[in-house]
Every structure is written in C-alpha cells, then in structure tokens.
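Please read through the model below with its sequence at hand, moving from the whole chain to its parts and then to single residues.

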Amino acid sequence: MQLNELARRKGEAVDYQKLVFDYARHPDQDAAAPARRPVVVVGAGPVGLALAIDLAQREIPVVLLDNDHRLSTGSRAICFAKRTLEIFDRLGCGDRMVDKGVSWNVGRVFFKNEEIYSFDLLPETGHARPAFINLQQYYVEGFLAERACGLPLIDLRWKNKVAGVVQHADHVVLTIETPDGPYRLEADHVAACDGSRSSMRALLGLESKGRQFKDRFLIADVKMKLDRPAERWFWFDPEFHRNQSVLLHMQPDNVWRIDFQLGWDADPEEEKKPEKIIPRVKALLGEDAQFDLEWASVYTFSCLRMDRFRHGRVFFAGDSAHGVSPFGARGANSGVQDAENLAWKLAAVLQRQAPDALLDSYGHEREYAADENILNSTRATDFITPKSEISRLFRDAVLELAKSHAFARTLVNSGRLSVPATLRTSALNTPDSDVFEGGMVPGAVASDAPVIRADGKPGWLLQEAGGCAFTAVVFGDGETADRAARAAAEAGAAAGAPVATVRIPIDEAHALAARRYDARTGTVYLLRPDQHVCGRWRQPDTGTVRAALHRALCRA
Amino acid sequence: MPQATSTHLTTAPNIDAPDDFYEALIEAHQGLSTEESHAFNARLVLVLANHIGSLSVLREAFAAATRR
C-alpha cells in the first residue's frame, strides 16, 4: 500500500504489523547528477518518524529512508512517558496515542509474594498527560506514519538502504540501494535514526561503547482477559519464579507484557519455545489460565553510547547513539527527545536563524541526557540483578526493610522511570538574574498546568505553548504584564526569531501555573521551540530577552 | 581529625555506654546463623545510614571502615 492510504483508513482497526508499504521509484534515482536535499533521515522508526514530522512542521522538506517496508514487528517498546506524549501533542498525534494507549501512574513492588510498597509517578493533578501510557510500538509507529502522510514535505522512501556515506565540507553524499539498483543523494544534513545496529554508524567506522549485562530476559506478550488495574507490577524473587525478577504491564487489546529474568545461563533458543514459555506464564497466572501467546523474545542488553552524537554533518539519534536497559523505559522515550532537540536546531540553521554551532549543542545536550539515562538504567539493573553475594545481601535487606520502613522504599530500584533531563549546564541557557523558587530552572522542560484558552475553553499550558517558534509565557494582566509581553515580542522581531506569546493571568483558575512557575505579575519564561526553559525574569526589557534569544541560538 | 559536626563523621568516642552497647550488639545476634547475622548486619547498616542521612558523612564512614 501507499503511505497516504493510511489517512483514509483512519478510524478503522488497522493491524499495523501486517501493513506492507510499496517501494516506489523516485525521480531522484534517474537524475543525471545526485539531487541535493536539506535533510535526509535514515530509519523510519519512532525516532526517525518523529524527527521527520517535526522538521516538516517547521517547513523543512525531509527525505525519510527506510531499508524495510514495514512498521515494527512485535510490541517492543511499550512505555511512553509523559514528556514523549507532550511531544506527540506538538507533533499532532498525542490524542491518537493516548486514546488507544493504557494510561497508568501507579507501580507496585512485591518481594517474594508480599506487596512491599506502591508508588504514584504523578501524584499531583493538573497535567494534560498521564505519567505513562502503554502502547505497542507498532501502534506508535502507525500513528506517527499516519501523521506523516498528512505532511507533503515528508518524502518517505521504503526499501531504500544506505550503503555508502561520504562526508564533504558542506554536504554528505549517500549511496542508496533499492530494488531498482543503487543511486546517490546529497544532503546538507543527515540524521541517523537507524537503531541499535545502526548501519550509518558502521559505515562511518564509529562505535557505541559501554557495558554489557550478563543476564537474559524473556518478554512474553500474552493475550487474555485479566481483571487487574492498569498498574506496573514488579516482583523481586517471587515464589512462581524463584531468585529472579518479573515485570507485568497492561497493553491495549487485552495484551499483557510479562518480562521474566532468566539468568545468564539460560539458553535463548530453548527459552523462546512456547512449551518453555507457557509453564512460566501459568506459574504466574494459575494453572487454568486461558491465554494466547502473541509474541515472545529473549534478549540481553547493554548500556552504551557513542562518544559524540554529531559527526560532521551526520547526527545520531535514538538507539543508534545510545542504548539502555529496558528498566526505566528510557530507550524510545529518550530517542523521541533526541529527535525533538535536533529538529528545531536543524530548522533554525537551515532557515539561517542560527549558525552551525547550534548543531553542536545537540550533541552536548543529548550526550548529557544519555549519561543521565545510562546512569539511572545501570543503577536499576544492578539492583534488579545483583552481581555479587554482598550486592544480593544488601538488595534483599532493602526489600525486607521496605515492608515496614518508608526510608528503605526510596532505595528500592525496579527502574527509575523516564523523566526528561534538565539541561542545567547548557550553553543555551541564560542564567537567572532574578530570584525564583521551584523546579522551572533554565534547562528544565516547561511544566504543564491547566489554563483557560483565549476562546474561553479549558486547555493546557504546554499545548498553548506548542508552536514552532520560541514562546514567551507571560504572567499577569495590566500595564506591567503588557509591558513584559511587548518586550518579548519586540525582542523576537529585533532578533529575527519570532516569539509567540502565551498570557497566563494571575487568578484562581491559573493558580497551579503560577505556583509551578513561581510567577508574579510581569514574570516571563522564555521557552525554546522544544519547550525547555532558556531564560526567566521578573520584569524583562526588550534587550534582556533579545540577548537570551541570541544565546539560545548560539549567535556569538 | 574532623570535628564532630553534622557535616563530618565523628570518630572521637561518642557512644553513651560503650560496654552496654557492645553487649547489646552481640546479644542482637544471639541465636542467628552466620547467614542470618550477615542479613541482620546489612539491615543494620541501612537503618544507621538513614539515621545519618548525609552522603558526605557516609562516605567518610566508608573510608573510616576501610582497613588500611
């Protein structure tokens, strides 16, 4: 089928795993000299699709290459975090994901057969999106593809496999293999979103290095009617699977994800067989449980990353750049955040709003985020799979104490679940010159809060601040606030970088927003196009905001 | 030697009744197998670490406990 048929089938129950997209010969393949494109994205997974959509929304034409002609097979990444959903909102497909996904905020932790505690990842109300949804990766890719086919600037080419990369001072030449033979394509910039076994990385002779964990895990997706709440359940050393851990998650369509730790000595080929899997599932659910095995996989994992995510005009994003253990849901989520970080910067450089140096900040910021993700992921893995007798002794001591002592619950680590990195040290931030309380420091992702929209209807702060430009969130009404709003708009005009304005009155309906931003009348937060705070002031003038814009765009 | 403040580990004598404490410590292990004693000690370390709270003091404690 053609990609644009997806739009016509919207609303139907589509089996995204079964879709086969047609290879189509492109005129570029017959061009006498290689065509030149501003951006080529390699890999149409969640990261490549998100990047392509973001660029197209910013009026940048994108060629998106995929070596295959299908979406994800198997549920794979299933936990999509609040920040990723907010990004999907900006990309125009957040509702589609959340409507289909299973929303959850609560996790429960069991030791042996006893519940030792539960946690709520989003204990406060006043956010448009939940802490997480569970949604099979093929739905996520399907909904992104559906969105992509509504954007004529995206040129998605199936069965186009990159087989050669040559970097030049001002462009990259790709050699691409197709069913009709190879052709060459030039690009100003290339984004390698081609996964953990990235061929772009191999073609450039680069490596992703780190630590491999000597353990094996079985994922089983099981279809059944099960009357349980939508919560994350994690068992340490349960009686039904002694000395190992088990994780249970609800997915849409009555599918349940069960993750069994197997140990390093398990034989991956044997463990994949249904006759091995079914008894494990029955041990958990009961001997007479009725279920169908949908999908299974045995995996090992590593925590690793490339030294640098930018190599000349090639940018690595998602699993090609970094890998984490699955505990914490930091793989696909951080990949989508990579894409968002890269998209506005590529657009700003291509639209001559910013110098090339802005693209270096992609590497700096996302390498920092990857380190944070890898640190969290490694610590969780060391807790879940202790590597020595003494490590196991302390792990069990923590779990034992957690039953009755609140302090020990803070030490239990079944995965520190994905939250976006606060880019505190980013050179794009303007340091505070005024005094603020709370978490909305320069570098943080802007917090959501309920707002009343201009049309009088209830809305959400992040959705109001979801345009393509920088956004000034201006608090309060009256002359003081009006002056601050004028300063922000004038700064945008002076800097040649438009600044959208979102006005938040200081009143009861907006009390949460004012509290989360420690705002008073005249307070201004300047948000980058990826909704990270890059400056904030109590009552800024035009020059102050203009300087912050210059800094956020890496203009010397 | 650092002074006994909340930001530093005290290694100067600080236990109210040293002999009573020592007796109580050994007493607490009475009737435990070696394995159970190790588990008890691990829990005890965690309980005491939480009471101390300060990570820098705890790091000093790790250093003090390391045999030179």
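Predicted model: local features only at pLDDT ≥ 70, side-chain atom pairs only at ≥ 80, totals over all residues.

Residues are numbered from 1 along each chain as its sequence is written, and chains are lettered from A and ligands numbered from 1 in the order in which they are written.

The secondary structure of chain A comprises 16 helices and 25 strands, where helices (H or I, at least four residues) and strands (E, at least two) are DSSP runs numbered from the N terminus. With a radius of gyration of 24 Å, close to the 24 Å that the globule rule gives for 556 residues, chain A is as compact as a globular protein of that length; the radius is taken over C-alpha atoms, and the rule is 2.2 Å times the number of residues to the power 0.38. Taken along the principal axes, the box filled by the C-alpha atoms of chain A is roughly 70 × 65 × 45 Å. Of the 556 residues of chain A, 47% count as buried, a class that requires 20 or more other C-beta atoms within 10 Å of the residue's own, whereas 12 or fewer make a residue exposed and values in between make it partly exposed, with C-beta atoms placed from the backbone. Among the contacts in chain A with a separation of 6 or more, 72% are between residues 24 or more positions apart, a contact being a pair of residues whose C-beta atoms, placed from the backbone, lie within 7 Å.

Chain A is assigned domain 1 (5-102 + 125-208 + 305-372), domain 2 (210-303) and domain 3 (450-552), with bounds that come from an automatic or database domain assignment. The C-alpha centres of domain 1 of chain A and domain 2 of chain A are 30 Å apart, and the contact between these domains takes 14 residues from domain 1 and 15 residues from domain 2. On the side of domain 1 of chain A that touches domain 2 of chain A there are five nonpolar, seven polar and two charged residues, where Ala, Val, Leu, Ile, Met, Phe, Trp, Tyr, Cys and Pro count as nonpolar, Asp, Glu, Lys and Arg as charged, and the others, Gly among them, as polar.

Strands of a sheet pair through backbone hydrogen bonds, either parallel or antiparallel. One open sheet of chain A has eight strands in the order β6-β5-β13-β14-β15-β12-β16-β19, and its pairing is mixed; two strands pair if DSSP finds at least two bridges between them. Because β6 (114-120) and β19 (322-323) of chain A each have a single partner strand, one side of each is left without a neighbour in the sheet. Strand β16 (residues 292-305) of chain A runs antiparallel to β19(A) and is joined to it by two bridges, and Leu304(A) stands opposite Gly323(A) in β19(A).

A further open sheet consists of three strands of chain A in the order β3-β7-β4, with antiparallel pairing. Its edge strands are β3 (79-81) and β4 (102-104) of chain A, each of which pairs on one side only. β4(A) and strand β7 (residues 132-134) of chain A pair over three bridges in the antiparallel sense, and Val102(A) has Asn134(A) in β7(A) as its bridge partner.

The loop between β13 and β14 of chain A holds Phe240(A), which counts as partly exposed with 15 C-beta neighbours inside 10 Å. Leaving aside neighbours within four places in sequence, Phe240(A) is in contact with Ala283(A) and Leu284(A). Asn243(A) is placed in the loop between β13 (232-236) and β14 (245-251) of chain A and counts as exposed, with 10 C-beta neighbours inside 10 Å.

Most residues other than glycine have a negative phi. Asn243(A), however, has a positive phi of about 70 degrees, and phi of Lys159(A) is near 55 degrees, also a positive value. Lys159(A) is placed in the loop between β8 (154-157) and β9 (161-167) of chain A and is partly exposed, with 18 other C-beta atoms within 10 Å.

Finally, eight residues of chain A are in contact with six residues of chain B. The elements giving two or more residues to this side of chain A are α11 (389-402) and α12 (406-409) of chain A, and the largest share, six residues, comes from α11(A). By class, the side of chain A that touches chain B has seven nonpolar, no polar and one charged residues.

Technical notes. Contact = placed C-beta atoms within 7 Å.
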